[in-house]
Amino acid sequence: MSTVTVRRLLDLDTLVRLERRRTAAASPPPPARLAVPEGMSQPLGCDAVAMPARYGPRLMARLPRVGCVYEDVDAALWWWIVPADSDVALEWPSPAYYAAGAMIPGARRAPALIHTPSGSTVPYTPPIPLYLAWCGATGATPAWSRAVRA
């Protein structure tokens, strides 16, 4: 019996095409922006803060006012809409994630809107109460309460 070896030559175009296909399959989806409900205005711009979903109900109970909140079931996160630049002078303790422009990285599908503020035309949760509730829930010390080192 004879053994026949078949070698297939791959030209540069084929190799480039295969690499692009492999890279596209491995890369995360592009960021998606949280969609604010129709009829709501965003006079202060829009950012978002993500927190693990297990903290969500406890945080809602502690806040005097809650804006639009979204749930990302795949990542087990709740996203809170806050005014733009709510990260200025606030270091959101881990595992919170701050997203400028309310851009959600790597979301396979858009998070679902689970809460809208009643009687309001703006989607915001006030960032300072949210920050303080988050610090309280996680045991973190607010940035302005920490000792200053010289």
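**Note on the predicted model**

1. Start with Asp85. At 53% relative accessibility, Asp85 counts as exposed, because the cut-off for exposed is over 50%. The model is a predicted one. Asp85 sits in the loop between strand 4 and strand 5. Its backbone deserves a look: phi of Asp85 is positive, about 65°, although the residue is not a glycine.

2. Ala76 is a further case. Its phi is near 55°, again positive in a residue other than glycine. Ala76 belongs to the loop between strand 3 and strand 4. With a relative accessible area of 43%, Ala76 is partly exposed.

3. The loop between strand 4 and strand 5 (97–99) also holds Pro95. The peptide bond leading from Ser94 into Pro95 is cis. Omega is near 10° there.

4. How many salt bridges does the structure hold? The count is 1. Asp74 pairs with Arg109, and the closest N and O atoms are 2.8 Å apart. The pair links distant parts of the chain, 35 residues apart. Asp74 is in the loop between strand 3 (69–72) and strand 4. Arg109 is in the loop between strand 6 (103–104) and strand 7 (112–115).

5. Are the two partners buried or exposed? Asp74 has a relative accessible area of 47% and is therefore partly exposed. Arg109 reaches 52% relative accessibility, so Arg109 counts as exposed.

6. Helix 3 (residues 127–138) passes a simple length check. Its 12 residues, at 1.5 Å a residue, should span 16 Å. The end C-alpha atoms are 16 Å apart, so the two values agree. After helix 3 comes Gly139, with a positive phi near 80°.

7. Which residues of helix 3 are buried? They are Pro127, Leu130, Tyr131, Ala133, Trp134, Cys135 and Ala137. What do the buried residues pack against? Their partners are strand 2 (47–52), helix 2 (56–62) and strand 4 (77–82).

8. The largest nonpolar core has 22 residues. Val49, Met51, Leu59, Trp80, Trp92, Leu130 and Trp134 touch the most other members. Strand 2, strand 4 and helix 3 are the elements that give two or more residues to this core. Helix 3 gives the most, with 6 residues.

9. Leaving aside neighbours within four places in sequence, Trp92 contacts Val49, Met51, Ser86, Asp87, Tyr98, Pro127, Leu130, Tyr131 and Trp134. Of these partners, Val49, Met51, Leu130 and Trp134 are, like Trp92, among the core residues that touch the most other members. Pro127, Leu130, Tyr131 and Trp134 are buried residues of helix 3.

Notes: Residues numbered from 1 in each chain as written. Predicted model: local features only at pLDDT ≥ 70, side-chain atom pairs only at ≥ 80, totals over all residues. Heavy atoms only, no water. Helix = DSSP H or I, 4+ residues; strand = E, 2+ residues; numbered from the N terminus. Expected span 1.5 Å × (residues − 1). Buried < 20%, exposed > 50% of the residue type's maximum accessible area, 1.4 Å probe, protein only. Contact = heavy atoms within 4.5 Å. Core = buried A, V, L, I, M, F, W, Y, C linked by side-chain atoms within 4.5 Å. Salt bridge = Lys/Arg side-chain N within 4 Å of Asp/Glu carboxyl O.
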